[in-house]
Amino acid sequence: MAVSAPPVISATSSGAGVPGGLFRAEPLYSTPGEPPRLTPNMINSFMANNHSASAVGGGVGSGSGGSGNTNTNECRMVDMHGVKVASFLMDGQELICLPQVFDLFLKHLVGGLHTVYTKLKRLDISPVVCTVEQVRILRGLGAIQPGVNRCKLITRKDFETLFTDCTNAR
């Protein structure tokens, strides 16, 4: 019984002739301190290539085409108080990323995210839990930290209610 030897790959090889080569010719980032950012095209490509037919068509910037089937993975950047915030359109409602708006608008007003959740409960606001795909999109956009595995969304109206409560509590 003959055993074939594993292929030899030189450590100095550029990987250009090897499909899926080990080395990249281009740098991953333009500067060492710059965090990775996914572009809308990269996210759309990822969504189209790595998800089943039920999730195809989602991603940043893809439209729902006016059909009754709203894609919950459609992420848009919307303006809130002069800052761009990630949002998803679900069941006809625009939902924004709670950790992102906390970081942008609320963290200097309250003790922490736990305080925000206590306020939400008192104000009878029920956030919507993100799907795994939505969390991936939000991480890719930089809306949430890379290590975050879960996220909640709230309506714009609920955010304004929460923001008013936080600013009046001071």
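Analyst: Here is a walk along the strands and their loops. Keep in mind that the model is predicted.

Start with the backbone angles. Most residues other than glycine have a negative phi. Two residues here go the other way.

Take H81. Its phi is near 55°, a positive value, and H81 is not a glycine. Where does H81 sit? H81 is in the loop between strand 2 (74-80) and strand 3 (83-90). The cut-off for exposed is over 50%.

Now move to D91. This residue also has a positive phi, about 50°, and D91 is not a glycine either. D91 belongs to the loop between strand 3 and strand 4 (93-97). Its relative accessibility is 75%, so D91 counts as exposed.

Next, follow strand 4 to its partner. Strand 4 and strand 6 (residues 152-155) run antiparallel, and 3 bridges join them. Which residue stands opposite I96? That is I154, in strand 6.

Strand 6 has another partner to look at. Strand 5 (residues 128-129) is joined to strand 6 by 2 bridges. These two strands also run antiparallel. Here V129 stands opposite K152 of strand 6.

Strand 6 pairs with strand 4 and with strand 5. The loop holding D91 leads from strand 3 to strand 4, and the loop holding H81 lies between strand 2 and strand 3.

Notes
Residues numbered from 1 in each chain as written. Predicted model: local features only at pLDDT ≥ 70, side-chain atom pairs only at ≥ 80, totals over all residues. Heavy atoms only, no water. Helix = DSSP H or I, 4+ residues; strand = E, 2+ residues; numbered from the N terminus. Buried < 20%, exposed > 50% of the residue type's maximum accessible area, 1.4 Å probe, protein only. Pairing = 2+ DSSP bridges.
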